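Please look over the model below before reading my comments.

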Amino acid sequence: MTADSSGTSPAHRTATTSAPRTRILVVGGGYVGLYTALRLQKKLAAELKRGTTEIVVVTPEPYMTYQPFLPEAAAGSISPRHVVVPLRRVLKDCRIVIGEAKAVRHAKKTVTLTTLATEEEGTGAVELAYDELVLAPGSISRTLPVPGLADYGIGFKTVEEAIGLRNHVIEQMDIASSTRDPAVRAAALTFVFVGGGYAGVEALGELEDMARYAARYYHNVSADDMKWILVEASDRILPEVGPEMGTYTVSELRRRTIDVRLKTRLDSCEDRVAVLDDGSRFPTRTLVWTAGVKPHPILAASDLPLNERGRLKCTAELKVEGVDHAWAAGDAAAVPDVTSEDGKECAPNAQHAVRQAKVLGDNIIASLKGQPLTKYAHKYAGSVASLGLHKGVAHVYGRKLKGYPAWFMHRVYHLSRVPTFNRKARVLAEWTLSGLFKREIVSLGSLEHPRAEFELAAGGERPKESS
């Protein structure tokens, strides 16, 4: 079934209604999707009001997740609600379609998508026509064919995974506190993180800090009873902060009795036993997989040009190479770094994504008006990483910081980057209150099965725990 540019398909009126002359379709509601739509909404306010232009955002979730705050959300320093930005509130002049893009046929200028409504109606996928396309679906976790990973691994890319991991860690401490079986206790208090990039190091640092604090409220569990292990296949962690700060980070983590294993891979995690390629075996009930990301599958399901890594080939103006009316940025795009002398591409991180979105929005408008386009140019400023409360590392504009100054810079930078004044104010208020009061150490694991108690009362069976 097809919804053409006039949007007259009767089978799917939630995604397509009588459309104006020019439809700009944004696939993805992450950094690039949100900021590009926000830029277009601001610059095309008159056109949107007259009805000569329509901006449609197709995204699986009705919110944008500020991922740098996921570790703090997992540690309980920030409320999960304040890590996300509601798209409908921010993009009030855009049409938000909660759905999943399945394929792109740019030759026909259509995107195939499914929504909650198509699932209910049983009509299958529909096609949505567009005049200008922005592909910004982000990335997904990069997994390897490790035995047992699909059964026992825990991801750390969404706010749901972050809160689920927090609940899981506290639940393991509860299990260790109440069991009489030494083997169960040891496995419950062993936490394995695979991947030494930002996500893995920051998640481990924040959660270890939280668990160390929580242990003081257990009569028979201490911080020394817990075993935290970081597994990294390369010879260093946090390559973005440079070799010196990476080495310091390893030393800092080991000082906290965290077992950091470099040049090591996970061979298996079957039967809740993490087996490393150095022969080590760790019975564990917690294995967190943060070993990188890969391009979203929608890119491969398009007729647009990809590079050898599966990302869209783009020009410095953020156009998809070799075609008209198609644009991309962020994780999905291989954008040449014009500030680099050796032909490198821009790193797929938030620092570039937010800035690219501004240029991308302006270039789309320039293209519609027949004006010259602007090249994206931003010299990488550096990186900051949190290692837990009052601990961090930073390498910014050639200056190296560690400990409290780096942690403070991490908070200031990300507070300035999180979208909307509303979220900035709420996050700042939570940080202020957390400095005055004690941490929350409550696990709300039942949130994962909210109907469990009612189903049990109604004669059903209690769902099996995944932990």
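The points below cover a helix, its contacts and some side-chain pairs.

1. This is a predicted model, in which local features need pLDDT of at least 70, side-chain atom pairs count only at pLDDT 80 or more, and totals for chains, interfaces and linings use all residues. Residues are numbered from 1 along each chain as its sequence is written, and side-chain values use heavy atoms, with hydrogens and water left out.

2. Helix α12 covers residues 350–368. Helices are DSSP runs (H or I, at least four residues), strands likewise (E, at least two), numbered from the N terminus. The expected span is 1.5 Å times one less than the number of residues. For the 19 residues of α12 that gives 27 Å, and the end C-alpha atoms are 27 Å apart, so the two agree.

3. Just after α12, G370 has a positive phi of about 75°. K369 sits in the loop between α12 and β23 (382–386).

4. The whole structure holds 15 salt bridges (a side-chain nitrogen of Lys or Arg within 4 Å of a carboxyl oxygen of Asp or Glu). D362 pairs with R39 in a salt bridge, with the closest N and O atoms 2.9 Å apart. D362 lies in α12 and R39 in α1 (residues 31–43), so this pair ties together parts 323 residues apart in sequence.

5. There are 8 aromatic pairs in the whole structure (ring centres of Phe, Tyr or the six-membered ring of Trp within 6.5 Å; stacked means planes under 30 degrees apart, edge-to-face over 60, tilted the rest). Y404 and F408 are stacked, at 6.3 Å centre to centre and 15° between the planes. Both lie in helix α13 (residues 404–417), 4 residues apart, about one turn.
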